[in-house]
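Subject: Handover of a structure for your review

Dear colleague,

Please find the structure below, together with its sequence. My notes on strands and salt bridges follow it.

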Amino acid sequence: MKLVSFKIILLLIVLIFTFLLVYSPHFNNRFPIHIDEWHHITETIELKQDNFQKGLAATKSGFHFILLIISRFTDIILIYKFLPAIFAVISSLILFFIVRNKTNHLKYSFLIAIFSIIFFASIKSNVNITGLWFFTPLTFSIPFIYLYIHLFSEGIIKQNKIYIIFSLIIMLLLIPVHAVSVLFSIPILLIFSLFHLNYLKKESVLLIFLLIPITGLIFYSYFMDLSLLNSIKDIIMRLQFKHNWGVLEIKNSFFEIYSLIGYLLAMIGFIYIISSKEKFRKYLIYVLWPIVILFYLLIFRLTGISFLSPYQRNLYYFAISLPFLSSIGLYTMFKIIKIQTNRIKDENFKNKVYKIIFLLFIVLVISFTFKSYFVIPKNIKLYKIIDENNYEALKFLSFQPKKDGSKIISTPEISTAIFPVSGHESLATIYFYGNRTILDKFFNPNSDCRTKNRIIKDNNIEYILSENQIKCDWEIIYNNKNIIYRID
């Protein structure tokens, strides 16, 4: 009973640690911190106002619908900071139970599962590859990726059709949320299936997975407003993610996303699994997963094209495949330590030495795992979209009247939050809406009032929000660390 209580307490401690670690960017910032987050909030508000529009953004409408449900109960902007940490905990719990189930025959099964959470929590985030710090369709999908891959592999190994059907259901539900979180795994699941071809031939169970491309095609055709034939052509083109697909396109280091000690232990875990036929068959899916993703990454490095899913997303799919291998590698190290200490003849001394080395090794692993967690390359460091002063100014704007078709102009960062907070239309944002070069031109220190007034007239600007005073002849209606001008 005491052991069970200790295990529950330890699990809770690790989950709380995970929550706080993922929440840490919000200790001094209560607002969403990535332009993708503000983009999804914007699309959710549009959906709420019945302004839903077809197009590429609509292919993630499942995610926006989930945010819409949350927004019915609370302020989506102010609650958003908790969502990345909440989903990191959900992902951790699902990973814990999967690893515990998969390793229940091993002596240190509970500890292996606990360390799978620790290695998962150590996966880094940045504004280029996104990650656990941000609540996006990718991070929402992570627990479901773990689930459908586990259920699919276990269903085939145990010849359990129910598992396979549940896996299919999860994949189908993910398509309108984040389709690439299904597409990236298709080659992995197909290769895994080849190792169990006799069962699949007998049951023809893989035929039901034809529902995935069929459902995806119908879904895509509807939201892109294309015929089925044109949708097929468009999908083939869009599933070739070329260089410069994202806002930022840099040559990422693998250490930007996972720790050196995590990689070393994953390699040890990989060697442990392939060391015998029995282990290989049992853990095959967790060997194929990183190998196939590495192949994707290699293809991109050689050709500049990433197929099925973007290069940045593949980096993260690779990273989330590693915690299981790293925890197996740690278990292997425990076995090696045990073998070495067993050479000591004195039983009491042997147990003391083992416990000391065991604890020291755990402390060292945890220390090196998180040593560079907050180290981010300068060109992809976190940035603030808005601060408290900007938020107060935008809330003030939310009570101001607006003319049909009129817009607000502000700096690119603040502009990203204008519509979600104030309800007014912004002229442009950092990336997703409008042409931000106009914003840069307007707020250029060398831009004179004549140039600014021309931009105002050409773009039907009604309000200007600036963090600094602009010496032009406009009416000031708000002046509290931010300045708002009204154009008559």
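Strand S4 (residues 461–466) pairs with S6 in the antiparallel sense, over 4 bridges; two strands count as paired if DSSP finds at least two bridges between them. Helices (H or I, at least four residues) and strands (E, at least two) are DSSP runs, numbered from the N terminus. Within this pairing, tyrosine 463 stands opposite arginine 486 in S6.

S5 and S6 also run antiparallel and are joined by 4 bridges. Here asparagine 479 stands opposite isoleucine 483 in S6. The hairpin of S5 and S6 has 3 residues between the strands, and lysine 481 takes a positive phi near 70° in this hairpin.

Please note that this is a predicted model, in which local features need pLDDT of at least 70 and side-chain atom pairs count only at pLDDT 80 or more, while totals for chains, interfaces and linings use all residues. Residues are numbered from 1 along each chain as its sequence is written, and side-chain values use heavy atoms, with hydrogens and water left out.

I turn next to the salt bridges, of which the structure holds 5. A salt bridge is a side-chain nitrogen of Lys or Arg within 4 Å of a carboxyl oxygen of Asp or Glu.

One of them joins glutamate 475 and arginine 486, whose closest N and O atoms are 3.1 Å apart. This pair links distant parts of the chain, 11 residues apart: glutamate 475 belongs to strand S5 (residues 475–479) and arginine 486 to strand S6 (residues 483–486). Glutamate 475 has a relative accessible area of 33% and is partly exposed; arginine 486, at 26%, is partly exposed. Buried means under 20% relative accessible area, exposed over 50%, and partly exposed in between (1.4 Å probe, protein chains only).

Lysine 102 forms a salt bridge with glutamate 154, with 2.3 Å between the closest N and O atoms. Lysine 102 lies in helix H5 (residues 83–102) and glutamate 154 in helix H7 (residues 137–157), so the pair ties together parts that are 52 residues apart in sequence. Both lysine 102 and glutamate 154 are buried.

A further salt bridge connects the side chains of arginine 436 and aspartate 440 (3.4 Å, N to O). Both residues lie in helix H22 (residues 436–442), 4 residues apart, about one turn of the helix. Arginine 436 is partly exposed, at 29% relative accessible area, and aspartate 440 counts as partly exposed at 36%.

Yours sincerely
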